[in-house]
Amino acid sequence: MMLKAGNRPVALRSGRSATVSPISRVVSRPQQLQRRICTAAAGQKDAFPSGPYPIPPGPVGHFYRETEKWPTSETVRLQPHDLNEVDYVDLVVAGAGPAGVAVASRVAAAGFSVCVVDPEPLAHWPNNYGVWLDEFQAMGLEDCLHVIWPKAKVWLNSEADGEKFLNRPFGRVDRPKLKRILLERCVASGVTFLDAKVSGVSHGGGCSAVKLADGREIRGSLVLDATGHSRRLVQYDKKFDPGFQGAYGIVAEVESHPFALDTMLFMDWRDDHTQAPGLEAMRAANTALPTFLYAMPFTKNLVFLEETSLVSRPAVDFPELKDRLQARLQHLGIKVTNVLEEEYCLIPMGGVLPKHPQRVLAIGGTAGMVHPSTGFMISRMMGAAPTVADTIVDQLSRPADKASESGAPLRPSSEAEAESMAAAVWAATWPLERVRQRAFFTFGMDVLLKLNLPQIREFFRAFFSLSDFHWHGFLSTRLSLPQLIVFGLTLFWKSSNQARASLLQLGIPGLVVMLSGLAPTLGGGYYPDTMSLKERKDAVDAAARSAAAAARAAADVASDAAAFVSANSSGADMAVVEVVEKAFSTSNTK
């Protein structure tokens, strides 16, 4: 049954959906060259812009439909990988989450063999995904939202000025539909699936051997770790000490709820629910380490409710979150009649990035793509997938191009070549601007870790008084480092005197850490001997311009020779010799 409230937004009526068609495994040299130029251009297009994407033009109405059914082996027929037949592929992807399958389908569509290794590739994705509408619309994924709220709201406290509305449409991802679409792209492009759990990886001679828990192994030219927060294959050269966002949530049928259907409750920092007798300990704990309510009303009797700890170290445990949610629901008069889903969410935030470059590639949670200050990841991850995939295609084309010319195997011929390929992918996964940006976000997380309830209310009062450009861009990871500095100074200026004093006292140690982390990115040695997509594209363009100039010069010389011979038939042989010598001389200087 389809349930609706309000009109469907223009973005959703368009019915856009991206599809990938399978192509031949045999790729000719001209096709490879064209593909490499196209992927270099795609890397430019996919680079994140400064500031937020604009809110879609025109009013956006509240939209709701039920989610799809989760895909099954009957509805999506994945191609199983036969290790007895094929024990070597171009790319091994560990993990069948959104990031892993998005990259897998795009690389396979370019003509390379890709195997996704996951113990349950059709398993349900457990976490709720909330996104800003403009983020998913920019990627053409708005049809994967099953609820859209025209606006969001924040409660700072119960005072008259504690309610703030955010003029930015928000949506909830239809996880079954997104998974179906991504898996169908994998099927169409020829991705194979191996039902197994990875346990380790080794490298040698340009080949990576991924060890499976059952004792088998699969080999490949490159390996992508997309195992999420388990981080099974990537290595760290520093201690991984993140903050944690913890949340306990339910999708519940209720007798009624107090939330407007056209408004998503983004944050509710009110603590009236802790005022009841017997909850003194909860009130004190919440003041010291505050949590907020995150609520998504679907219908008058169906709602997603989640008690969330923005960031803490160590994490707030789930029983505490569950108790706080129960107290809050009782205070709001919400009576749950049936729990349809229960979510236990623990997200590592911040901390050091994996060692990079390294032979194992990474994307998503295992690559450190979680926003260190907010816990958001799905939009950042899906936005990065095309860039990472296209760079992998570009690097896999290097040995393929060489092989087509010499008859060598279509794979790296040495460990040095494979390391160089992996380094180029890491440079595209974490370009310097992204590394600098993340250092600022981690600084923000370090400040948030130290704020009690009154301080965090003052922080968000100032935060949501910033321009849309700044708070949109901060939450969506689209501000450059100079813009983030302006953001920070403006936030400080808009804060109260008491909040400024707190920010100075609590923020200086984190600021020192941030500056020390930024220092290595300011020179030219962060990615030594690694050419970015833009640099590779510029090199191809320069070679094309040089070849075109040489061809024009040769054509001009030939034209001059023809004219000279026509005008001077006597002695023509000597003249032609002189002109041809001139042509070779001119061509060799280009």
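Mentor: A polar contact is a pair of N or O atoms within 3.5 Å; within protein, one must be able to donate a hydrogen and the other to accept it, and residues adjacent in sequence count only if both atoms are side-chain atoms. Our model is predicted, so local features need pLDDT of at least 70 and side-chain atom pairs pLDDT 80 or more, while totals for chains, interfaces and linings use all residues. Residues are numbered from 1 along each chain as its sequence is written, and side-chain values use heavy atoms, with hydrogens and water left out.

Trainee: Thanks! How many helices and strands does the protein have?

Mentor: Both are DSSP runs numbered from the N terminus: helices are H or I with at least four residues, strands E with at least two. For this protein the secondary structure comes to 16 helices and 19 strands.

Trainee: What percentage of the residues is buried?

Mentor: Buried means under 20% relative accessible area, exposed over 50%, and partly exposed in between (1.4 Å probe, protein chains only). The protein has 590 residues, and the buried share of them is 52%.

Trainee: What share of the contacts with a separation of 6 or more joins residues 24 or more positions apart?

Mentor: A contact here means heavy atoms within 4.5 Å. Among the contacts in the protein with a separation of 6 or more, residues 24 or more positions apart account for 80%.

Trainee: Now to one residue. Where does Ser-476 lie?

Mentor: Helix 12 covers 468-475 and helix 13 covers 481-494. Ser-476 sits in the loop between helix 12 and helix 13.

Trainee: Is Ser-476 buried or exposed?

Mentor: Its relative accessible area is 6%. That is under the 20% limit, so Ser-476 is buried.

Trainee: Which residues does the side chain of Ser-476 reach through polar contacts?

Mentor: Not counting residues up to four places away in sequence, Ser-476 touches Trp-132, Glu-135 and Arg-168. Its side chain makes a polar contact at 2.5 Å with the side chain of Glu-135. Another, at 2.8 Å, joins the side chain of Ser-476 to that of Arg-168.

Trainee: Which residues of helix 12 are buried?

Mentor: Six of its eight residues are buried, so helix 12 is largely enclosed by the rest of the structure. Helix 12 is followed by Thr-477, whose phi is positive, near 55 degrees. The buried residues of the helix are His-470, Trp-471, His-472, Gly-473, Phe-474 and Leu-475.

Trainee: Which residues is Ile-392 in contact with, beyond its sequence neighbours?

Mentor: In soluble globular proteins, nonpolar side chains tend to be buried together. Leaving aside neighbours within four places in sequence, Ile-392 contacts Leu-91, Val-103, Val-107, Leu-222, Leu-361 and Val-425.
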